Amino acid sequence: MMASMWIMADRGRRQALVLILCLIELRAVAGQARYSIPEEQAEGSFVGNIARDIGLDVARLISGKARIITKGGRQYVDLNKDKGILVIKERIDREELCGKTTPCSFSFEVILENPIQLYRVTVEVTDINDNSPLFPKDEISLKIAESVASGTRFSLESADDADVANNDIQKYTLKPSDHFKLEVQNQPDGVGFVEMVLQNPLDREKEETHSLVLIASDGGDPRRSGTVHIHITVLDANDNAPVCSQAVYKAEVKENSPEGTVITTVSANDPDKGVNGQVTYSIAHVAKETKQLFEVNVQTGEIKVAGKLDFEKSKTYQLNVQASDHGGYSDTCKVIIQITDENDNVPTIQLMSFSNSISEDSPPGTTIAVLNVDDEDSDGNGAVKCSINSDVPFKIESSLTGYYTIVTEDFLDRESIPEYNLTITVSDQGSPPLSSSKNINVKVSDVNDSPPKFDHSEYTKTVAENNSPGLSVFTVSANDADWGQNARVSYFLQERDINGLAVSSLVSVNSDTGVIHAVRSFDYEQIKWFEFNVTARDAGSPPLSSVATVKIIVQDQNDNAPQVLYPVQTGGSLVAEMVPRSADVGYLVTKVVAVDVDSGQNAWLSYKLQKATDRALFEVGLQNGEIRTIRQVTDKDAVKQRLTVIVEDNGQPSRSATVIVNVVVADSFPEALSEFTDLTHDKEYNDNLTFYLVLALAVVSFLFITCLVVIISVKIYRWRQSRILYHSSLPIIPYYPPRYSDTLGSATLPHVYNYEVCRTTDSRKSDMKYMQPMSQSLVSVDGAGDDVPQVDKQLSANCSQMSTLQKPPNNDWRFTQGQRPGPSGATGGPEVAMGTGPWPQPPTEAEQLQALMAAANEVSEATATLGPGTMGLSTRYSPQFTLQHVPDYRQNVYIPGSTATLTSNPQQQQATAQQATQQALPPPQASAQPEPPKAAQTPASKKKSTKKEKK
């Protein structure tokens, strides 16, 4: 009963201790979660909903790259970010994890990034009854003297149960219990031992041996138990038991003490003599791990270190040293060993989160790393101090217990320092102190915060005028302290107007190199200097730019000759200066005034007398251009004086201009006027003008000779063609003048008529026959198209099948003697007037050449008057006249000198000849007073008449 009450009191103290530890942990850590799970759970078993318990959603776990950070090497719990829950990663054995420590728990941290958040999670592992009580030995052999008095205690090795709390050993049972009873003694460290108390004296004579069974039972569900067999041998009387010198021994030993180090020595006394008085020592009633760390000398009782002591694992050990004699008597003493801490653990640094790159525009306080610092030592040996090197713009701050954050302390500038090497140093306060360090490299990423910077804010460059377009003037250069794309600089002109001109029409800048080129040739007289702005812009986002002012000074060149303003040189009249005969020495005759639009020395003018009628009479001021007399004017001096003054500038090379000054020596204006009218104006032509005039004259002469040769060649060619045609035996048509429509109504014919003439080589010996007018076969000027089929019919007719019907000629068509074709003055009989007789004389060669010339002129006039859409016809034709309206002159062939038409039917030829004879007679009403008909005007005759009218 007393044993069970003692167990319940001990359990209450443990629960109070656990509660106090939980409250302390909650005050130290903010934002933590705690879970409780039984041991031996299968993999993947649910632990807890971490997202709900710490107030985060699943999306935050995913975006923050949530992960579990553990200090040890094993991770029992895993994080399912998709569901926001914690699950078992591997089987958890509470006994392996914590041993007898209760409550049993392990902790880890859940860390999130962007921003960095840290949560501490504690998982308590509850015990299940998975271990049975186990005795160190299967059998226990005891030798007890029969003289042992009742109440004597015999220590038994207690059983060990790896489980804790209610699953640990709850009671011991001894069977049978005739002579002995059990008592369980609990120690402050929670370890109990079992004693067997003799209730009834033993009698070796009655029973020499006794067999007992010791049963250890736990309080789990289901209940588990372990047994050990006790064999008792009753000995003869040994009435004195060993007695320990001290009931409790206390000792201290440093951790990491080598094996064999003597901790303390226990001793016991036995008043018996001989064998019954010899005492031996042993360690009893301790855990297996404790027995591996300590050993006791059986004979001397020295307790030594047998294993590696670690203060961080256990700070105190309690040993039960049993002193026994050979008679079976024993006594037990306690040895409490206190382990003192040594500074044997170096502080460790673990990076929880680290960003090796930080933007230079990050504000102060930006976190770049989170680290965990741990020292397993205790007290001063475990107190750590974390720091970083002081030459960097960073500082370290403590966030949670054992956690530090490295943040920026000031603004960063990549252009000054592009990267930093941070050395993290952590040291404890032990003696001697231990420390460790870790190096990290932080690169500063570039931000486009530096605009391009020109070498100079203003540039000035002098360029000589009359430069060639595209001249490279000079180069502007700007540097950008940024890096990469942010440092790539381009150059641009800022548009503005300079004297009404865009700056881009004067200069240009290469966007890549900054070379400024002259777009055009500069003229100092138009623009002496100009300014413009060049912008340097980087390729960052947003781009930054700066502006530099460029001043171009145009340097004057001697490219303008002096201009004489007075005296004015005019081509139409002469200006003369009058000098009286009484003029004395130094008399101011006139002053030559000249200017030069150049500047500087190029505009310094000097005057010299180049020519003079009398050099001894006049001089010219070198600087002012004043013409003065250098002697007294006499009567012997010429009345008319001609001075040639040259004006030169001071340029290199120099340019000059000349002016002629006419001077009249006279006393009065009328006298000067009379002399002035006699002055001859000698024209001096410019060399270039003379050259151009001579060249123009040569070109005109060449063209005239060429045209003359061409005309003569054409005439000779046509004359030779006519000679060839004259000796030919074939009937051909050398020339047919085009038909014209007299639209003015001044001719004798109101309609258009077509005359077809066929000649042979000997046709000049016969008369020309006039055929029936064929105006109906042509298209009228008004554009009627009814005659087109008739024209087509006539064009397709054969020469031998043409109609021979002819109407008698009108009186208007009869030629007088002077109008008949033939040589001048040729006369003929009446039949000639009727058109039936032969020609009196053949035409001369001159008349043939004249006809050819007239035909050529007519052709040239007709060709010159062509317009679009007339198919080569005269403009006097209607625009509706097309090629199909031109009749074929080869349809009808007539033999001049005969009244018959060439045909293949003799009878038709004869009838045609008779009908032509009848039609040739004049009508009765017209025979009384015949009027000589006017010959139809040919183009050549029209031109001649026109020329006569003009004259």
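Where is the place of Thr513? Thr513 sits in the loop between strand E39 (507–509) and strand E40 (515–518); helices (H or I, at least four residues) and strands (E, at least two) are DSSP runs, numbered from the N terminus. The model is predicted: local features need pLDDT of at least 70, side-chain atom pairs count only at pLDDT 80 or more, and totals for chains, interfaces and linings use all residues. Residues are numbered from 1 along each chain as its sequence is written, and side-chain values use heavy atoms, with hydrogens and water left out.

**View 1. Surroundings of Thr513.** Thr513 is partly exposed, with a relative accessible area of 43% (buried means under 20% relative accessible area, exposed over 50%, partly exposed in between; 1.4 Å probe, protein chains only). Not counting residues up to four places away in sequence, Thr513 touches Thr475, Val476 and Tyr491, where contact means heavy atoms within 4.5 Å. The C-alpha atoms of Thr513 and Ala478 are separated by 9.8 Å, and these residues are 35 residues apart along the chain.

**View 2. The open sheet E34-E40-E39.** Three strands form this sheet, and the pairing is antiparallel; two strands pair if DSSP finds at least two bridges between them. Strand E34 (472–475) and E39 are the edge strands, each pairing on one side only. E39 and E40 pair in the antiparallel sense over three bridges. Ser508 has His517 in E40 as its bridge partner.

**View 3. The salt bridge between Arg74 and Glu90.** A salt bridge is a side-chain nitrogen of Lys or Arg within 4 Å of a carboxyl oxygen of Asp or Glu. In this pair the closest N and O atoms are 2.6 Å apart. Arg74 lies in the loop between strand E3 (67–69) and strand E4 (77–80) and Glu90 in the loop between strand E5 (85–88) and helix H4 (94–98), so the pair ties together parts that are 16 residues apart in sequence. Arg74 is partly exposed at 41% relative accessibility, and Glu90 is partly exposed at 23%.

**View 4. The salt bridge between Asp446 and Arg414.** The side chains meet at 3.0 Å, N to O. The pair links distant parts of the chain, 32 residues apart: Asp446 is in the loop between strand E31 (435–445) and strand E32 (453–454), and Arg414 in the loop between strand E29 (403–408) and strand E30 (419–428). Both Asp446 and Arg414 are buried.
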